[in-house]
Amino acid sequence: MRILLRPLLGLALLLGTLFGAGPAFAAVTITFWSHELGNSFPHAFFTLRGVPDAGGAPVDVNYGFTAKSVSPALLMGSVAGRLDISRPFYIGTSDAQFAVVLSDAQYTQVLGLIAAWDEKTGDGRYNLNDRNCVHFVKEAARIAGLTGLDHPRLMKKPRSYLQAVAAANPGRVTVIHQHGKAYLASLPPLAALPVAQPAPALPAAAAAAPPLATVQPLPAR
């Protein structure tokens, strides 16, 4: 069933992007972004938005990875890094490149990736050449099931890298390529879904007994 639903969810995301807000849908969508404006370094990050298939509270967060400070030490080797949470204005001035609908298992793995790169819970080392923001989103794209992720010459060029990944995964991604402010305005509202509850277990004696056929009386005429 999920195999059938996934293309429909991708279509819903695309229609929402083109024609404005639509109905909310289940599953968490990961959207990959690039930022090229201003005096800051070019940057890549991703957003997580939606509701897990298992239900629960809506998710609407973003994560990137960056150096703690900009200094000549960046050119010398590894420095202290940190997770980067972008402000709404920054996201609005960035570009949404493409999106992928995640399974709950993939969403859990992305959360594990975030924890692994967090200086408080994992390795916060930043290296301009082999552990920068593009490498961070590359690992998220790998978890999302994408291929064609190795582009050595583009690992310091967020926009070009993400566009190359999108081109390598036709049919697997929903290409957005839209300015952040317009894209955010097109997204449907989020609503919580009830958490799926397991069916109550039958007592051992009842589980072992064969089912009994019951006959319902006919309704009075």
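Leaving aside residues up to four places away in sequence, Phe46 is in contact (heavy atoms within 4.5 Å) with Ile30, Thr31, Phe32, Trp33, Val61, Asn62, Tyr63, Val110, Ile114, Phe136, Val137 and Ala140. The model is predicted, so local features need pLDDT of at least 70 and side-chain atom pairs count only at pLDDT 80 or more, while totals for chains, interfaces and linings use all residues. Residues are numbered from 1 along each chain as its sequence is written, and side-chain values use heavy atoms, with hydrogens and water left out.

Phe46 sits in strand E2 (residues 43–51). Helices (H or I, at least four residues) and strands (E, at least two) are DSSP runs, numbered from the N terminus. Phe46 counts as buried because its relative accessibility is 0%; buried means under 20% relative accessible area, exposed over 50% and partly exposed in between, with a 1.4 Å probe and protein chains only. From Phe46 to Phe98 there are 52 residues in sequence and 9.8 Å in space, C-alpha to C-alpha.

Strand E2 belongs to an open sheet of seven strands with antiparallel pairing, in the order E6-E4-E3-E2-E1-E5-E7. Strand E6 (125–126) and strand E7 (174–179) are the edges, each pairing on one side only. Two strands pair if DSSP finds at least two bridges between them. Strand E1 (residues 27–35) and strand E5 (residues 95–102) run antiparallel and are joined by seven bridges. Thr29 has Val101 in E5 as its bridge partner.

Helix H4 packs on this sheet and touches E1, E2, E3, E4 and E6, its direction making about 35° with that of E2. Axes are lines fitted to C-alpha atoms, for helices over the stretch in contact, and angles run from 0 to 180 degrees between N-to-C directions. Helix H5 (residues 158–168) lies across E1, E2, E5 and E7 and runs at about 40° to E5. Within H5, Pro158, Tyr161, Leu162, Ala164, Val165 and Ala166 are buried. The buried residues of H5 pack against E1, E2, E5, H4 and E7.

The largest pocket holds about 470 Å³ of space. Its lining has 23 residues, of which Phe41, Pro42, His43, Thr66 and Tyr126 are the closest to the centre. On a 1 Å grid over the protein atoms alone, a pocket is an open set of points where a 1.4 Å probe fits, with protein on both sides within 12 Å along at least five of seven lines; lining residues have an atom within 4 Å of a point. Grid points are joined across faces, edges and corners, and the volume is the space filled by probe spheres set on them. Strand E3 (59–67), strand E4 (79–84) and helix H4 (133–143) each give two or more residues to the lining, and E3 gives the most, with three.
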